[in-house]
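The sequence and structure are shown first, and the account follows.

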Amino acid sequence: MYDFFIGPFEEFAFMRRAMAGCLALALGATPVGVFLTLRRMSLTGDAMSHAILPGAAVGYLLAGLSLGAMTIGGAIAGFTVAMLSGWVARVTAAREDSSLAAFYLISLATGVLIVSMRGSNVDLLHILFGSALALNNAALFLIAGISTTTLVALAILYRPLVMECLDPEFLRSVSRLSPVAHYGFLFLVVLNLVGGFHALGTLMAVGIMILPAAAARFWSRDISRLLAVAVTGAVVSGYVGLLLSYHVGLPTGPAIILTAGSFYILSLTFGVDGVIRSHIHPKRHFQK
Amino acid sequence: MGADMKKEILRFENLTLGYERHPAVHHLDFSVRRNAMVAVAGPNGAGKSTLLKGIIRTIKPMGGSIRLCGIKQREIAYLPQRTSLDTTFPITVFDMVAMGMWQAAGAFGCFDRQRNARVMQALQRVGLAGMEHRPIGSLSGGQAQRALFARLLLQDASLILLDEPFNAIDSASVRDLLGLIHTWREEDKTILVVLHDLDLIRSAFSETILLARELVAGGATDKVLSAYNLSQAQHLCERFESQSLLCERG
């Protein structure tokens, strides 16, 4: 039992580093995912995860598999797409979702083109799917730093962010912090996706952000508990995913995200607000 | 004149507000006295909601100005016709209402016993005592409107703007909320309420502004809401809609 659940982490440093990376991602990216789902922006997270690709690819072209170059490139590409789509929505009649879709598709195609022309399929796979088991100390410090920054920023922005999600017009009428909350939040989304792509790749990074957050909605109707359930779900998904990857020989990123996906399906089925309790066996109603 | 200006809280000077060069409020000159309770009436498209949006600076004037006399922008509380409140958001009635204390608490201010008591008091005043722990999504339309009024109460505003606050709520809730608005006046607040129900205006408001993109009449309600003025307002709105030439008044 001990050998199965703890042994791999005791024996191998790469497993410990991967677990520490998953823990950091769960603490930073998942709360951001909770706010993304509450703002009905889950697919924005997905779009942004694609948008960082050309920046990472240019970083790779200039400096090879360099952590710093790929991170800075990815962050610049992500922020550019977020700002451009917001700007187009403000100065034209186009809605933000359509301009975001346009820019992220251009961004994604550019990224794939760059990697295909100058790199190999292996490089492309690394960028798209990451490698949690190959996290070195520098990558781990980067992810931990991003998580710490995220937690501090969320603590500062928490109240305006909740107000922005709950009643944006009210926030605009009582405070000038609405754009700070909006763009600060987008900054955190991009930052966490950039951190996540080192461990899980650009395509999977959004999974650890959104799946535990979406699952948590079936367990609680209170924002604080929602955050706690989502983070716990993400930590457990990281742990179980790494164990599956180690014992069954599965690729790490998909194993972690599929575990988080299973958590979502279980929550959807058995959660307090899930299908069974809400529709198949609804609770008895009160007299008044 | 000087004494009159001291009594004013809000002055519109040759104000034009609108969308894409089309005026919704056209060359409006009017002032609102401090501690007044004024109904804003007019046909659909008369510019009533636009006027309130101009006051809270969501829309910038195309011409003229809106002057606040003796109050700051943050002392204005506004309840829009269609609130952007997301009732699916996982938050309790207490926490939603407590957001009305933003000016006092800000982003970091803690909620001590005194602030919690003020929130409870506001809930009690709107008849929602005992519902503070319920999720906002479980409230009926009337209860949600009462909760929004409780949030307004906590804003401690000098000027309160309400846009169609009694839409789709039952007569008991209308009566209660109207009673609450009257108590605000005793607390030295100035209230501007956009309403469609002329009978309600006649019974509850002594002052009215009748708009039809421009000012048709303003002053005592019984004089403003005369048959002639109402027909004039309807005619003016229709006339504006059929004209799209450039305004010669600049």
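## Salt bridges within and between chains

A:D273 and A:R221 form a salt bridge in which the closest N and O atoms are 3.0 Å apart; a salt bridge here is a side-chain nitrogen of Lys or Arg within 4 Å of a carboxyl oxygen of Asp or Glu. This pair links distant parts of the chain, 52 residues apart: A:D273 lies in the loop between α14 (252-270) and α15 (275-280) of chain A, and A:R221 in the loop between α12 (202-216) and α13 (223-248) of chain A. Helices (H or I, at least four residues) and strands (E, at least two) are DSSP runs, numbered from the N terminus. The model is predicted: local features need pLDDT of at least 70, side-chain atom pairs count only at pLDDT 80 or more, and totals for chains, interfaces and linings use all residues. Residues are numbered from 1 along each chain as its sequence is written, chains are lettered from A and ligands numbered from 1 in the order in which they are written, and side-chain values use heavy atoms, with hydrogens and water left out.

With a relative accessibility of 24%, A:D273 counts as partly exposed, whereas A:R221 is exposed at 54%. In these terms, buried means under 20% relative accessible area, exposed over 50%, and partly exposed in between (1.4 Å probe, protein chains only).

Over all chains, the structure holds 13 salt bridges. The table lists four of them.

| Salt bridge | Closest N and O atoms |
|---|---|
| A:D273 and A:R221 | 3.0 Å |
| B:E187 and B:R125 | 3.1 Å |
| A:D167 and B:R151 | 2.9 Å |

B:E187 and B:R125 form a salt bridge that joins distant parts of the chain, 62 residues apart, with B:E187 in the loop between α7 (171-186) and β7 (190-194) of chain B and B:R125 in helix α5 (residues 113-125) of chain B. B:E187 is partly exposed at 39%, and B:R125 is partly exposed at 37%. Also in chain B, a network of salt bridges links B:E8, B:R11, B:E13 and B:R67.

The contact involves 25 residues from chain B and 22 residues from chain A, where contact means heavy atoms within 4.5 Å.

The count of salt bridges between chain B and chain A is two. B:D86 is buried, at 10% relative accessible area, while A:R40 is exposed, at 61%.

B:R151 forms a salt bridge with A:D167, and the charged end of B:R151 also sits over the ring of A:F170, 3.6 Å from its centre. A charge sits over a ring if NZ of Lys or CZ of Arg is within 6 Å of the ring centre and within 35 degrees of the ring normal.

## Aromatic pairs

Rings of Phe, Tyr and Trp (its six-membered ring) pair if their centres lie within 6.5 Å; planes under 30 degrees apart count as stacked, over 60 as edge-to-face and the rest as tilted. This rule gives nine aromatic pairs over all chains. The ring centres of A:F35 and A:Y158 are 6.1 Å apart with the planes at 80°, so this pair is edge-to-face. A:F35 in helix α3 (residues 13-38) of chain A and A:Y158 in helix α9 (residues 137-166) of chain A are 123 residues apart. A:F35 is buried, at 1% relative accessible area, and A:Y158 is partly exposed, at 29%.

The rings of A:F79 and A:F187 have centres 5.1 Å apart and planes at 10°, so they are stacked. A:F79 lies in helix α6 (residues 67-91) of chain A and A:F187 in helix α11 (residues 178-200) of chain A, so the pair ties together parts 108 residues apart in sequence.
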